[in-house]
Amino acid sequence: MNPSASGWIKKLLNKVDKNHPFFKYEEEVFYDALRNCGFIYGSNLKVLEEVVEKKDLTEEELSKINLCLSFLYIHSKSASEIPFIDTVINFYESINETQISFLDELLGGVKSSEHLEKIFHKRIQIDDNIVTKSFNYFIINALLFVDVLAYKKYLEQHSISIDYLKAMEGSIASISLDVLNSKAKKNQYDESLIKLFESSLRYDEDINMDYKIAIKHIKTDLEKYYILDLACMATWSDQMIDLNEQKFLKKLGKDLKLRAIRIDQSIKAVNLFYTTNKDNIALLSSKNIVQSFYNNSSKMVNKLISRNSKRLYNELKDSKELMMLLTQSTVRELSKAEQKKVQEQLLDIFKSIPSLAIFMLPGGALLLPLVVKFIPKLLPSSFDENRIEE
C-alpha cells in the first residue's frame, strides 16, 4: 500500500473490514495503541497495531494511515448509518465552516475515497514545497488527535460546535503553560515557548483561560488521557522529568479525576517512547525538544513570509491599524488587547493566501508570534528608522 498514491484508502478499508480485531478494542486500549505508535506525540514510527506492514513508509504516510484508522475506529463505535467516507468529509466541511479554510479547494462535490485522500494529504502535509520532510510538526501533528476527538463529538451530535474547538485549543495551551511554568529551572527555550503560548491563544477573550477553567472543559476519558499525555510530552522537553514536574503531572491527573495508575502510566509511557526511539525521531536530534521546535518553526515561518512577501505586503498595507501595531511591536511590547487585534487581523489575511493555510489549522495560531517577528522585514524603511540595509 502506498499512501502517497491514489487508491490507498480503498485498499486500507478492504484490509480492515468490520471483523478486524482492532475494532473490538475498548477505548482506553485503542488510545494506548495510538500512543505506542507515536500518533499522540506527533511522531509516527509505526502503523497502529501493525494493521498493515510498515516497510518503507515515511513518517507522513504513517501519519495518514493512523489518522484514517483512528477515524475508522471512532466510526465503528458510533451509531451512524452514514458511510464512513461521507461522515469524515462532512466532518471536515463542518470544521471548514468554523475556522479552517485550508480545505476550501477540496470540499464540495462528489464524496469519494480519492476525495478523502486529498483532504488527509492536505491536513498532514500542507504543501511539499513549504514544509520539509525533516520537520516533525511538534504543534501540528501532535494536535491531530484533536481532529479525532472532534469527529467523535460530531458523530454523537451530528454537528460540531466552534465552542468545542475553542475549549480544546484553550485547554491545551493553558495546561501546557502550567507544565512549562512548573519547571524548577527554565532555559531560554523554555522561556521562549512560554512567551509563544502566552501570546498565541487564538480564541482568547478578555483574559487567558486559567487552569481551573481549562480542567472543566476536559470531560471525556479520551480527552483526559490526551491532555495528560501532552502535558507529559511538554514536561519531557529537557529529556527528564524532575520532582516538581512529577508533582504537577500527578496533580493534573488528580484534577482530571484519573486513576493514580493511569497517571504513572502516562509518565512512564513518554519516558519509554522518547528514550527508546530517540535515534529515530528527528525532533530529538538536538539537545532540547523545545529548541528543535522553535528553530524549525522559525525557519518555516521565515520561508513562508519570504515566499509570500509581495502578496502579504499588499494585504498588510490595506490595514493601517495592523501596520501600525506591527511596527510598534518592534520597539515595545503590545498590550493584550493589541496582541488580540494583531492575531485576528493576521488570521483574516492568511485566509486569502492559500500557502499560509498552516496558520488556520488547530494550534496554528501558536506560530503567530514568529510571524510578527519576521513581518517587519516587509515594511517600508520609513516605518523603521533603525533598519539597516543588508
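Student: Looking at α15, which helices do its buried residues pack against?

Tutor: The buried residues of α15 pack against α14 (309–317), α16 (336–350) and α17 (368–374). Helices here are DSSP runs of H or I, at least four residues, and strands are runs of E, at least two, numbered from the N terminus. Before going on: this is a predicted model, where local features need pLDDT of at least 70 and side-chain atom pairs pLDDT 80 or more, while totals for chains, interfaces and linings use all residues. Residues count from 1 along each chain as its sequence is written, and side-chain values use heavy atoms, without hydrogens or water.

Student: Which residues of α15 are the buried ones?

Tutor: Within α15 (residues 320–328), look for Leu-322, Met-323, Leu-325, Leu-326 and Thr-327. Buried means under 20% relative accessible area, exposed over 50%, and partly exposed in between (1.4 Å probe, protein chains only).

Student: And zooming out, how much of the protein chain is buried?

Tutor: Buried residues account for 56% of the 390 residues. The protein chain has 17 helices and zero strands. Of its contacts (heavy atoms within 4.5 Å) between residues at least 6 apart in sequence, 70% link residues at least 24 apart.

Student: How do I read a helix pair, say α2 and α12?

Tutor: Two packed helices are described by the angle between their axes and the distance between the axes. For α2 (residues 27–36) and α12 (residues 260–277), the angle is about 25° and the axes are 11 Å apart. The axes are lines fitted to C-alpha atoms over the stretch in contact, with angles from 0 to 180 degrees between N-to-C directions. That makes α2 and α12 roughly parallel; the label covers angles under 35 degrees, with over 145 roughly antiparallel, 65 to 115 roughly perpendicular and the rest oblique.

Student: What residues meet there?

Tutor: From α2 come Glu-28, Tyr-31, Asp-32, Arg-35 and Asn-36, and they meet Arg-262, Gln-265, Ser-266, Ala-269 and Phe-273 of α12. The residues of this α2–α12 contact divide into three nonpolar, three polar and four charged. Ala, Val, Leu, Ile, Met, Phe, Trp, Tyr, Cys and Pro count as nonpolar, Asp, Glu, Lys and Arg as charged, and the others, Gly among them, as polar.

Student: Now Asp-229: buried or exposed?

Tutor: Asp-229, in helix α10 (residues 221–235), is buried at 0% relative accessible area. Setting aside neighbours within four places in sequence, Asp-229 touches Tyr-31, Arg-35, Ile-40, Tyr-41, Arg-262 and Ser-266.

Student: How does α10 sit against α6?

Tutor: The axes of α6 (residues 144–157) and α10 come within 11 Å and cross at roughly 170°, so α6 and α10 are roughly antiparallel. Phe-145, Val-146, Leu-149 and Lys-152 of α6 make the contact with Leu-222, Glu-223 and Tyr-226 of α10. This α6–α10 contact has five nonpolar residues, no polar ones and two charged.

Student: What about the backbone: where is Glu-49 found, and where is Lys-257?

Tutor: Most residues other than glycine have a negative phi. Glu-49, not a glycine, has a positive phi of about 50°; find Glu-49 in the loop between α2 and α3 (59–76), partly exposed at 41% relative accessible area. Lys-257 also has a positive phi, about 65°, without being a glycine. Lys-257 lies in the loop between α11 (243–255) and α12, and at 70% relative accessibility Lys-257 counts as exposed.
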